[in-house]
Amino acid sequence: MAAPGENLKINPDRLWDSLMEMAQIGPGVAGGNNRQTLTDEDAAGRALFQKWCEEAGCSLGLDQMGNMFARREGEDPEALPVYVGSHLDTQPTGGKYDGVLGVLGGLEIIRTLNDLGIKTKHPIVATNFTNEEGTRYAPAMLSSGVFAGIHTQDWAYERQDAEGKSFGDELKRIGWRGEEETGARKMHAFFELHIEQGPILEAENKDIGVVTHGQGLSWTQVTLIGKDSHTGSTPMPMRRNAGLGMARILEKVDEIAWSHAPHAVGAAGHIDVYPNSRNVIPGKVVFTVDFRSPDLSVIEDMEQRLRLDGQTIAQEMGLEISFEKVGGFDPVAFDETCVSAVRSAAERLGYSHMDLISGAGHDACWINRVAPTAMVMCPCVDGLSHNEAEEISREWAKAGADVLLHAVVETAEVVG
């Protein structure tokens, strides 16, 4: 495959203007976005993306999970398409770039090739996957998971939000349920551009992260049962304090993660305490331990040690304990050829770069199961994401999209 010339660049002003225009749909209260999946705001964002894609001469495909596929034809009708994209849905207090940069970066590739009259052997398809965030409908990466055969579509349709509204019903309500069978498409390759959502690239003063792996994830829900009793009148020796038990287990969680430094993390983000009253010793706590590592054996070790240490602590304190695996996926190793295309693109364009392991889950992690896949990352200010203050610079967006352009075009093969 011939490498594209180093003078091939995206239009950075057009990309930035598109990001800002999309951000006007579902504005947050503090400068970011609240465009949660399958809401009216999501529908409006999809309609704008569709309009732009059709203006760029693309045909739009829509599958039964609402995944959008904007296709620019290639010269070889038999050649499988190169897909590029991410997601348009946001967190309730999300930023303007998480996911959106990858979708509009894919569109910008198509616009740039149109501007320059460049033809490729393989078609190029800009993609928007439904419900990557998983906030309104758990789990995250739901639709790319159905596409890759991880979840069944019926199961996905039955997911409910906090108000009891089902995914399937809401997808139909907003008018974005297609007829195409989910996962029927075959891909030559898939590329995803994303903000890092971490501080490493900015701290190392690098323009580009070449993502070689994605961390695996393990969610274990722990339930501790003691006895709720008066905080003032219950003698210390007679307490069965589930809250204290949780605190001791979370100390162990921290120790376990540190023992596998630097490429492992662990904490509990979801915690429910019962009865959650100021003057009642907690009689029950339910919390979810989130362990992550790019090494499956490390994840398995952390899970095992959590259960052993948790059992010991509960037994010593007279507490009942139970564990339930409520989520997770194995570590991801991205395709070496696609990763090499990203790395060589950064070098050809003169952007500083480093190999990176993604700490967050992305649609690319599931698509990697069914097609050769790689990711490009650009820095974000202070590593902040899933926050309305999430910010990137125009220069970072341009660098990431330029590298994406070169990797995609090299893989799609220029004709003529």
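Gln221 lies in strand β8 of a predicted model, in which local features need pLDDT of at least 70, side-chain atom pairs count only at pLDDT 80 or more, and totals for chains, interfaces and linings use all residues. Residues are numbered from 1 along each chain as its sequence is written, and side-chain values use heavy atoms, with hydrogens and water left out. Helices (H or I, at least four residues) and strands (E, at least two) are DSSP runs, numbered from the N terminus. At 23% relative accessibility, Gln221 counts as partly exposed. Buried means under 20% relative accessible area, exposed means over 50%, and partly exposed is in between (1.4 Å probe, protein chains only). Contact means heavy atoms within 4.5 Å. Leaving aside neighbours within four places in sequence, Gln221 is in contact with Val286, Phe287, Thr288, Ser322, Phe323, Glu324 and Val326. Gln221 and His270 are 49 residues apart along the chain, and their C-alpha atoms are separated by 9.0 Å.

Thr223 also belongs to strand β8, which covers residues 216–225. With a relative accessibility of 15%, Thr223 counts as buried. Residues up to four places away in sequence not being counted, Thr223 touches Lys284, Val285, Val286, Glu320, Ile321 and Ser322. Ser229 is placed in strand β9 (residues 229–230). Its relative accessibility is 18%, so Ser229 counts as buried. The residues touched by Ser229, again not counting those up to four places away in sequence, are Thr234, Asn279, Val280 and Ile281.

The UniProt record, an unreviewed entry, places the feature "domain: Peptidase M20 dimerisation" at residues 215–306. UniProt positions are given in the numbering used here, feature names are shortened, and annotations may be inferred rather than shown by experiment. The span of residues 215–306 is 30% helix and 37% strand, and its end C-alpha atoms lie 19 Å apart.

Helix α10 runs over residues 336–349; its 14 residues reach 20 Å from the first C-alpha to the last, close to the 20 Å expected at 1.5 Å a residue. The expected span of a helix is 1.5 Å times one less than its number of residues. Cys338, Val339, Ala341, Val342, Ala345, Ala346 and Leu349 are the buried residues of α10. They cover an arc of only 155° around the axis, which puts them on the same side of α10. The arc is that of the directions from the helix axis to the C-beta atoms. On the other side of α10, Glu336 and Thr337 are exposed. The buried residues of the helix pack against β6 (189–195), β7 (208–214), β15 (353–358), β16 (373–378) and α12 (394–412). At the N-terminal end, α10 is capped by Asp335, with a side-chain oxygen 3.1 Å from the backbone nitrogen of Thr337. Gly350 follows α10 and has a positive phi, near 80°.

Helix α12 has 19 residues and reaches 26 Å from its first C-alpha to its last, close to the 27 Å expected at 1.5 Å a residue. This helix is mostly covered, with 16 of its 19 residues buried. Glu413 follows α12, and its phi is positive, near 65°. The loop between β16 and α12 contains Glu390. At 0% relative accessibility, Glu390 counts as buried. Glu390 touches Gly95, Lys96, Tyr97, Asp98, Ile195, Leu384 and Ser385, not counting residues up to four places away in sequence. From C-alpha to C-alpha, Glu390 and Lys96 are 7.1 Å apart in space, while 294 residues separate them in sequence.

Rings of Phe, Tyr and Trp (its six-membered ring) pair if their centres lie within 6.5 Å; planes under 30 degrees apart count as stacked, over 60 as edge-to-face and the rest as tilted. By this rule the count comes to 9 aromatic pairs. The ring centres of Phe69 and Phe147 are 6.2 Å apart and the planes are at 45°, so the pair is tilted. This pair links distant parts of the chain, 78 residues apart: Phe69 is in strand β2 (residues 68–72) and Phe147 in helix α4 (residues 142–147). Both Phe69 and Phe147 are buried. Phe129 and Phe190 form an edge-to-face aromatic pair, with 5.9 Å centre to centre and 70° between the planes. Phe129 lies in the loop between β5 (124–128) and α4 and Phe190 in strand β6, so the pair ties together parts that are 61 residues apart in sequence. Phe129 and Phe190 are both buried. One aromatic cluster is formed by Phe69, Tyr83, Phe129, Phe147 and Phe190.

How values were computed. A polar contact is a pair of N or O atoms within 3.5 Å; within protein, one must be able to donate a hydrogen and the other to accept it, and residues adjacent in sequence count only if both atoms are side-chain atoms.
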